[in-house]
Amino acid sequence: MHGSQLRVAYQGVPGAYSEAAAGKAYPKCEAIPCDQFEVAFQAVELWIADRAVLPVENSLGGSIHRNYDLLLRHRLHIVGEVQLPVHHCLMALPGVRKEYITRVISHPQALAQCEHTLTKLGLQAAREAVDDTAGAAEYIAANNLRDTAAIASARAAELYGMQILADGIQDDCGNVTRFVMLAREPIIPRTDRPFKTSIVFAHDKGTSVLFKVLSAFAFRNINLTKIESRPHRNRPIRLVDDANVGTAKHFEYLFYVDFEASMAEVRAQNALAEVQEFASFLRVLGSYPMDMTPWSPSGGD
Ligand SMILES: O=C(O)C(=O)C[C@]1(C(=O)O)C=C[C@@H](O)C=C1
């Protein structure tokens, strides 16, 4: 459970929040940096790593859509989640003053989470997206860029010899990113602690089908914690012909739903049996213990 000897792949370089998430989920693990999320998935598929840790949503920046698409494209299973308080710092090379900064670089999520604060700080700087927060700090240090600042964790500042110009620059102090942990095999769902289940489905043709699907959970008092829609890339458009008025083009969606129940519970099994009736496609991405860590907005990195 503490993850000793577990190899956990994450996207980014040391000091990235995903590395901190790996450490929170599996305190004694060996965290393996990967330059892309796709590589982290492959590391697990090829037995180079035992788990991958994947950010899926942030309380300020919203869903990380690409990672939802990756969950579907690969056959890994969600075996856990962690919610990590994300505390951002603005950093530059030692001696650089705020007035010299013409560019701020970071992961797009981090830029989005600090948008208002960056404006309030009065920086006349262009924002530029890079692959990960700590990688932004590393890049500035490696290239001795004296006109560029990064948004990253305090640990990244320490690792890459950067000086913190402003601390806690996320637009809300309760900034939290939710990560899921992925493995080759699912875990056996239990009922002795709170579990969450994540599914993805496409609904069939018909009237109010999404309403019918979601009521399968409501009637059983199963709480939904998240719903996300993404383009159905195998069948993106459905044409509906009407001889009188022409052809309507309906976009087709995949729906990702998280609900608070374990697949070991009969009510969850019955709800999914009902969903199946209205779905052209249904996959359980995982049934896993919920992160019940007590709330501390100032904690984390
Ligand atoms: O760049 C990093 O440090 C990451 O771990 C990625 C990531 C993300 O994808 O949302 C993780 C947490 C923060 O929300 C910002 C960036």
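Student: By class, how many nonpolar, polar and charged residues does the lining of the largest cavity have?
Tutor: This is a predicted model, where local features need pLDDT of at least 70, side-chain atom pairs count only at pLDDT 80 or more, and totals for chains, interfaces and linings use all residues. Residues are numbered from 1 along each chain as its sequence is written, and side-chain values use heavy atoms, with hydrogens and water left out. Ala, Val, Leu, Ile, Met, Phe, Trp, Tyr, Cys and Pro count as nonpolar, Asp, Glu, Lys and Arg as charged, and the others, Gly among them, as polar. The lining of the largest cavity has 9 nonpolar, 1 polar and 2 charged residues.

Student: What is the volume of the largest cavity?
Tutor: On a 1 Å grid over the protein atoms alone, a cavity is a set of points where a 1.4 Å probe fits but cannot get out, whereas a pocket is an open set with protein on both sides within 12 Å along at least five of seven lines; lining residues have an atom within 4 Å of a point. Points are joined across faces, edges and corners, and a volume is the space filled by probe spheres set on them. A search of the whole structure finds 1 cavity of 30 Å³ or more. The volume of the largest cavity is about 70 Å³.

Student: Which element gives the most to the lining of the largest cavity?
Tutor: Helices (H or I, at least four residues) and strands (E, at least two) are DSSP runs, numbered from the N terminus. At least two lining residues come from each of α3, β11, β12 (195-203) and β16 (253-259). With 3 residues, the element that gives the most is β16.

Student: Why is α2 described as roughly parallel to α3?
Tutor: Axes are lines fitted to C-alpha atoms, for helices over the stretch in contact (heavy atoms within 4.5 Å), with angles from 0 to 180 degrees between N-to-C directions. The axes of α2 (residues 37-45) and α3 (residues 65-73) come within 11 Å and cross at roughly 25°. Angles under 35 degrees count as roughly parallel, over 145 as roughly antiparallel, 65 to 115 as roughly perpendicular and the rest as oblique. The crossing angle therefore makes α2 and α3 roughly parallel.

Student: Which residues of α2 make the contact with α3?
Tutor: On the α3 side are Arg-66, Asn-67, Leu-70, Leu-71 and Arg-73. On the α2 side are Phe-37, Glu-38 and Phe-41.

Student: How many residues does α4 give to the lining of the second largest pocket?
Tutor: That pocket holds about 430 Å³ of space. Of its 25 lining residues, the closest to the centre are Phe-37, Pro-55, His-107, Gln-109 and Asp-131. α4 gives the most to this lining, with 4 residues.
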